[in-house]
Amino acid sequence: MRSKKVVFFFPAFSSQEATAPLGILAVSTPLLRAGYEIRIVDSTITPNFRARVLEELRDALCLCVSLVTGPMIRETVQIAKDAKKLYPNKPVILGGWHPSLLPDQTLAAEYVDIVVKGQGEDALLEIVERIEAGESMRGVAGVGYKVDGNLVFNVSRTLKPLAEMPPKAYHLADFDAYERVCGRRWAMYTSSLACPYNCGYCTNEGVYGRKWNALEAEQVVEETTDLVSRYGLKLLWIVDDNFLVDRDRAVAIAEGLVRKSVKFDWSIQATTNLVTRLTVEELKLLKRAGLSQVAHGAESGSRKVLDLMGKSFQKIETIHEAADKLTRAGIRPSFNMIFGYPGEGESERRESIQLIMDVCRRYPGAEFWTNIFTPYPGAPIMQRAFELGIQVPKTLEGWVDFFPRYTVLPWLKGQPHRDVQTMREYLRVAFNRVPIGVNRKNWIQRLVHGLISFPARWRLDHNFYSFPLELWIKNLVSRWLAPPKAKVDAQRLEAEVVTC
Ligand code: B12
Ligand code: SF4
């Protein structure tokens, strides 16, 4: 059957911070321009997503899935198996971070036909054109495929700078449905690619290399103001790995946004050493332009662990200094921390807790988000992690539980793992944090939270986590008073061909 339809599936990513999947919007534009129809089924906003995917697939060319390592693999596997069972001749194509970092093992799954390594805009268009024409994938750069059950990998595709990429197809996103799940109308935006650093736990180099490249300030100003006006967005999360690599560009973006006077909040990710290069006056300018939060990967309060992480570019003083300057500018400083990195012992973990307590007490708006170290394929630390006993999953499904919320490590398991989880829970209640999604807690939950923040701080100061009565009470209250889940169903988008 001749078809011009391509179905995308976006598996749930275990978060209420729901918005349109930017990877899928990115690879959709070249397809739309070439006359293909796009259907996106996002499991977060589509309750009957399995049936919907199969229904959409009936008259489509292929099924494309975007995924990162971890729980997203669960629904990917379900959907891919369902699709192959019903439509054995329609190719299942996987793209995104996990297939890019582990293409061989991903393609080895019997229900996967094609994988794309790295940027997908040009690769997917070529793939879909070949499928439509009934041709082989031979020679399509960046692509892995199967011939008589054997895995074949073409040469890698050269990375393209962001400025050469087409705009993302935001008009395909059902922002109303995302807003109902999340409570806030927001979107992601990319203004630069890659990061000049290479932290041990980070997978960026394997996908985007280390050559930072960015859009010109004028383009960022035009596109962001157009986006928020067009879709009524309240917040843009600029997902660049390190937004502040070019300080002059950041200042020029802020000046441009102030001149445009379109009001919206935006947040960025940046390293503390680059934040502290800016003066408080410059940060105040960014604040006037709408910058509401800067997220940093502080990761540890121990110099030894930071060096093991390959973060010698980050001095611990810059964590304090970033919190100080951002607070003075009225911007929320936000920090991520990793527990359980290889080489971190009890004393180094205490240094991290002390850093958190110290920063949060001095700068009450500051917030910390914590994770358990999770060894991702392609990260520089992986070899060391294997030596330390991490079992490398042998199949795609094996990576489902690689999730920083609960990863269990050979050197952090059993009681010590439970203690770290309890300690992380106390950290969650000790100080306030502002998630992207609306806080749906009612006044009783807020009161309980507020009251137990005092014993939580005492416990963290004294490193005492036995008999966590306050957490039991909090969890009981949360269970009793859990707000009803937002009812959502994504719009059925009409077939359309749009020139972007
Ligand atoms: C936004 C984001 C999120 C959002 C997702 C919101 C949403 N609605 O999508 C939230 C907050 C939920 C999130 C959560 C997590 N994230 Co995250 N996240 C990102 C971030 C910052 C941007 C992703 C993005 O959209 N980029 C923009 C698009 C355009 O680029 P792209 O995704 O690379 O897509 C391109 C290619 O990959 C490819 N492609 C993508 N999809 C497809 C599909 C097909 C069919 C094809 C052919 C090609 C293709 O083409 C695209 C265009 O070139 C990245 C870091 C980064 N800078 O990219 C981390 C990142 C993806 N996240 C990561 C991690 C670790 C997590 C968490 C585990 C964090 C945590 N502590 O809990 C969770 C996991 C959630 C889960 N899945 O279970 C890692 C993934 C590592 C890995 N090996 O998979 C990254 C790379 C960060 C990092 N450097 O470590 N994340
Ligand atoms: S600074 Fe951030 S994005 Fe850059 S390598 Fe380190 S963790 Fe990755």
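Helices here are DSSP runs of H or I with at least four residues, strands are DSSP runs of E with at least two, and both are numbered from the N terminus. The phi of serine 261 is near 45 degrees, a positive value in a residue other than glycine.

Before going on, the ground rules. This is a predicted model, in which local features need pLDDT of at least 70 and side-chain atom pairs count only at pLDDT 80 or more, while totals for chains, interfaces and linings use all residues. Residues are numbered from 1 along each chain as its sequence is written, chains are lettered from A and ligands numbered from 1 in the order in which they are written, and side-chain values use heavy atoms, with hydrogens and water left out.

Asparagine 463 counts as partly exposed because its relative accessibility is 33%; buried means under 20% relative accessible area, exposed over 50%, and partly exposed in between, with a 1.4 Å probe and protein chains only.

Now the sheets. Strands of a sheet pair through backbone hydrogen bonds, either parallel or antiparallel. Two strands count as paired if DSSP finds at least two bridges between them. One open sheet has seven strands in the order 2-1-3-4-5-6-7, with mixed pairing. Strand 2 (37-42) and strand 7 (150-153) are at the edges with a single partner strand each, so one side of each has no neighbour in the sheet. Inside that sheet, strand 4 (residues 92-95) and strand 5 (residues 114-116) run parallel and are joined by two bridges. Leucine 94 has valine 115 of strand 5 as its bridge partner.

The other open sheet has six strands, ordered 8-11-12-13-14-15, and the pairing is parallel. Which strands stand at its edges? They are strand 8 (186-189) and strand 15 (367-372), each with a single partner strand. Four bridges join strand 8 to strand 11 (residues 235-238), and alanine 187 has leucine 236 as its bridge partner in strand 11.

Next, the ligands. A residue is near a molecule if one of its heavy atoms lies within 4 Å of it. By that rule 38 residues surround ligand 1, and the closest are Ser66, Glu121, Asn204, Tyr208 and Asp241. Helix 1 gives the most to this shell, with four residues.

Polar contacts are pairs of N or O atoms within 3.5 Å; within protein, one must be able to donate a hydrogen and the other to accept it, and residues adjacent in sequence count only if both atoms are side-chain atoms. An N or O atom in the side chain of tyrosine 208 is 2.6 Å from an oxygen atom of ligand 1. For the side chain of tryptophan 97, the distance to a ligand 1 oxygen is 3.2 Å.

Around ligand 2 are nine names to find on screen, among them Cys195, Cys199, Cys202 and Asp241. Cysteine 199 is buried, at 9% relative accessible area.
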